[in-house]
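Please read them with the coordinates open.

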Amino acid sequence: MIRKSILAALAPLALAGCAGAGGYARPDSADIASARVATVNAQQLATLVEAGEVVLIDVRTPYEFADSRIAGALNAPLTHFDPASIPVDTTREVILYCGSSRRSGIAAERLAEYRGTVVRHLEGGIRADAGYPTVSNDPSDDPRR
């Protein structure tokens, strides 16, 4: 009789465990990092830049950065990206960008995981031009020449 009572009490727990296999799945660390990454469109970024509310981080190569970048951006290439080196500014949001948003998405995941906060990056990258001012180095300064 005691054995039947124990089995009856454990049966709902066993069924709940089985139901979980096909329903809820625990998120892995990549899902958690992705949940902390968001995008900002070009028009939103232009507004934030004009208001001085962002620290822009360009994660493209130094050569791409020299060719054309959003005015005021800092360069932290993805190939050497260290989340600890990204400045912390309590009055301005850090927003990352690259050429197409692939590399900035990767960097945003790394930074979000490191800081434990939501990190945004530019949807479509710098190619999603919204009319914000861009600058470039003088071609004579290019070390590739």
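1. Isoleucine 95 has arginine 120 of β6 as its bridge partner. The two strands concerned, β5 (residues 93-97) and β6 (residues 119-122), run parallel and are joined by two bridges. Please keep in mind that this is a predicted model, with a mean pLDDT of 79 for the protein and 68% of the residues at 70 or more. Over residues 2-27 the pLDDT falls below 50, and this stretch has one contact in the model beyond near neighbours in sequence.

2. The β5-β6 pair belongs to an open sheet of five strands, whose order is β1-β6-β5-β2-β4 and whose pairing is parallel. At its edges lie β1 (37-40) and β4 (74-75), each of which pairs on one side only.

3. Strand β2 (residues 54-58) deserves a separate comment. Five bridges join β2 to β5 in the parallel sense, with isoleucine 57 standing opposite leucine 96 of β5. Towards β4, the pairing of β2 is again parallel and rests on two bridges, and there aspartate 58 has asparagine 75 as its bridge partner.

4. How many residues of strand β2 are buried? Five of its five residues are, and both faces are covered, with Val54, Leu56 and Asp58 buried on one side and Val55 and Ile57 buried on the other. In a regular strand, side chains alternate between the two faces of the sheet.

5. Glutamine 43, in helix α3 (residues 42-50), counts as exposed because its relative accessibility is 52%, where the cut-off for exposed is over 50%. The C-alpha atom of glutamine 43 is 10.0 Å from that of leucine 122, although the two residues are 79 apart along the chain.

Note on methods: Residues are numbered from 1 along each chain as its sequence is written. This is a predicted model: local features need pLDDT of at least 70, side-chain atom pairs count only at pLDDT 80 or more; totals for chains, interfaces and linings use all residues. Side-chain values use heavy atoms; hydrogens and water are left out. pLDDT is the predictor's confidence in each residue, from 0 to 100. Contact means heavy atoms within 4.5 Å. Helices (H or I, at least four residues) and strands (E, at least two) are DSSP runs, numbered from the N terminus. Buried means under 20% relative accessible area, exposed over 50%, partly exposed in between (1.4 Å probe, protein chains only). Two strands pair if DSSP finds at least two bridges between them.
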